Amino acid sequence: MSRATRSAFDDVPPDGFDEDENDAPSLDEAPEIDFDFEPGAVKAGTEIIRRFWTTLPTSPGVYRMFDAKGDVLYVGKAKNLKARVGSYARGQAHSNRIARMIAQTAAMEFVTTATETEALLLEANLIKQLKPRFNVLMRDDKSFPYILLTADGPAPQIVKHRGARRRKGNYYGPFASVWAVNRTVNALQRAFLMRTCSDSYYENRTRPCLLYQIKRCSGPCTGEISVEDYAGLADSARAFLSGKSNAVKDRMREEMQRASEALEFERAARFRDRIAALSAIQGTQGVNTQGVEEADVFALDEQAGQFCIEVFFFRNFQNWGNRAYFPKADRSMSADEVLASFISQFYDDKPAPRLVLVSHTIEDAELVAAALSSRVEHRVELHQPQRGERKNLVDYAQRNAKEALGRRLADTASQGKLLTALGQSFGLDKPPRRVEVYDNSHISGTAAVGGMIVAGPTGFMKTHYRTFNIKSEELTPGDDFGMMREVLTRRFKRLAKEAPRTPKEAELGEPQAAAEGQAVPPATDAVPDDPDAFPAWPDLVLIDGGAGQLEAARASLAEIGVIDVPLVGIAKGRDRDAGRETFFVPGRTPFKLPPRDPVLYFVQRLRDEAHRFAIGTHRARRKREMTRNPLDEIAGIGPTRKRALLHHFGTVKAIQRAALEDLAKAPGVNAATARAVYDFFHANA
């Protein structure tokens, strides 16, 4: 790839080469743009784009548009860069979304590629990394869980897997949820008696574990089953997960019958239970297929300017679950555009199956299919079915998308009413759009953490949650007030740096500025004139605590100059009973809400979510500290060398007692690493 970058204010030479009229539109005419805001900004953006256009090649590539702050506005791909970029400044009308984007463009950057397929792959990758505000964005791009049947040892292990496929073995999935994976793994344990323990646990066993006793493992660790027989079980598991389920069950039925005829009734009963476990996997898959062995189904529904894409996964003629996505996209974009962009991003970090079924027409279906095929070792077909079983699968997915979006819209409407009532209860001038709730968790000051959860018009905004490891060494263990001061100071110092507000806004505060008729530009995570933008600054901060916690929070914010963010303290009632909470608001007498007030239940939900999040983070940190290995503190000792040392010596104490010469003899450990380990354990000797 070659890269071309220009500043918006560089002297750009005139076009020095002849160009075919079919390659790019003429820009001689003044553009006629349909806008509903300041036309001067659009004209300035158009002129900037013209300057870049004059030197662009006609090859495929990817372009990025930046605003004056250097933030990425849009990432796009083009078969012909000159023609595509020229379309933004030609004499034709644009939608308001495109006009807004042009108006904010201050610079552009380009990457040329060898093919349009390569440009499409790069575009999807950059969109997921940079999250431009004018692109279609996946709001939930967590990796899917897989089942891994390892092949890097004498006794294959069956485990749940996420992330990169670095370990040798067979991967089966994706599954839509961890629950589905756990259920399947548990059933496979009963059916094939496969081990799930770690390699270190397996290699250090001297007698079978409890799983062997309850007939969930065949005990290869201590030789309860031969290597050949265990390999046969692993082959049967692979065959079942690869779609040969009927053949596997037929073999088990034959074995059960032979055992029964030989009067080996206990052995026959074991085969009966294993067949029942396999039937349980097949019987709880929901909608299965007869003629579609492997496919992903994408169905889109649009209501009230919002989109929902339901994704179903079918593998080995079985339904392995589904997940609903709510991508962020401009209301002016068509369903076809949203679905095409979503699919490209969806497969950016995961392999595509042989068949992808879609509910809408994809304009560049062949290009998208070619791009997906280039990432895997098989041909990918992108198809919009019109009849038959495939059409039924798409229709089923689309009904689920419609229902999921309907539920989300209903929840959003209900959430909006609750936010309006919440603002009225706490004396806000307008309903809050962003509510932040803070809580701390620790045990006598150890492993102390602070948690921040965020709620908005669509519910809990989990991508905005934050955790704070308490770092101050001056705090007395268990000083909740000091912890709250540290959390809020760190949070709002960083917020003021990343999303500064105007001096007038900071001086008056948003509610007061609005009351005085001042224009208050919102500090948001999206384009300022986007009505759906989610604020970066909170409209309301809830503190889990009484008057003391509230005063600590107010003082910490005042020290950094933040005096206009509404604060509310929530003190638990007598015996910590829900429904008896007392609310503390600066300048007001403490008060309670009526016992059956919906706002009270809403606040309890917010507080309980903050408590759950802080407790969970604290437990995770405490668990990491309890299981911390001294080898983790040695520079140059990563997971591979740590595993090699533990496998060679058995325990950390044995490593600590080992001589320098013995350390150097461990597999994968060189002289320098051996010296580092020896010096670490003998520094104070």
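Predicted model: local features only at pLDDT ≥ 70, side-chain atom pairs only at ≥ 80, totals over all residues.
Trainee: What span does helix α13 reach, and what is expected?
Mentor: Helix α13 covers residues 388-425, 38 residues in total. The expected span is 1.5 Å times one less than the number of residues. For α13 that gives 56 Å, and the first-to-last C-alpha distance is 56 Å. The helix is close to its expected span.

Trainee: Why is Arg 607 called buried?
Mentor: The cut-off is under 20% relative accessible area. Arg 607 has 9%, so it is buried. This arginine lies in helix α18, residues 598-626. Val 437 is 170 residues away from Arg 607 in sequence, yet the C-alpha to C-alpha distance is 6.9 Å.

Trainee: What makes strand β17 largely enclosed?
Mentor: All 5 of its 5 residues are buried, so the rest of the structure largely encloses β17 (residues 540-544).

Trainee: How do you know that both faces of β17 are covered?
Mentor: Take each side in turn. Leu 540, Leu 542 and Asp 544 are buried on one side. Val 541 and Ile 543 are buried on the other. In general, side chains of a regular strand alternate between the two faces of the sheet.

Trainee: How do you know that β17 and β18 pair?
Mentor: Pairing needs at least two bridges. β17 and β18 (residues 567-571) have 4, in the parallel sense. Val 541 has Leu 567 as its bridge partner in β18. Strand β13 (residues 435-443) also joins β17 in parallel, through 4 bridges. There, Glu 436 stands opposite Val 541.

Trainee: How many cavities of 30 Å³ or more count?
Mentor: The count is 3. About 60 Å³ of space lies in the largest cavity. Its lining includes Leu 120, Tyr 347 and Arg 375. Helices α4 and α12 each supply at least two lining residues.

Key. Residues numbered from 1 in each chain as written. Heavy atoms only, no water. Buried < 20%, exposed > 50% of the residue type's maximum accessible area, 1.4 Å probe, protein only. 1 Å grid on protein atoms, 1.4 Å probe; cavity = no way out; pocket = protein on both sides within 12 Å on 5 of 7 lines; lining within 4 Å. Points joined across faces, edges and corners; volume = space filled by probe spheres on them.
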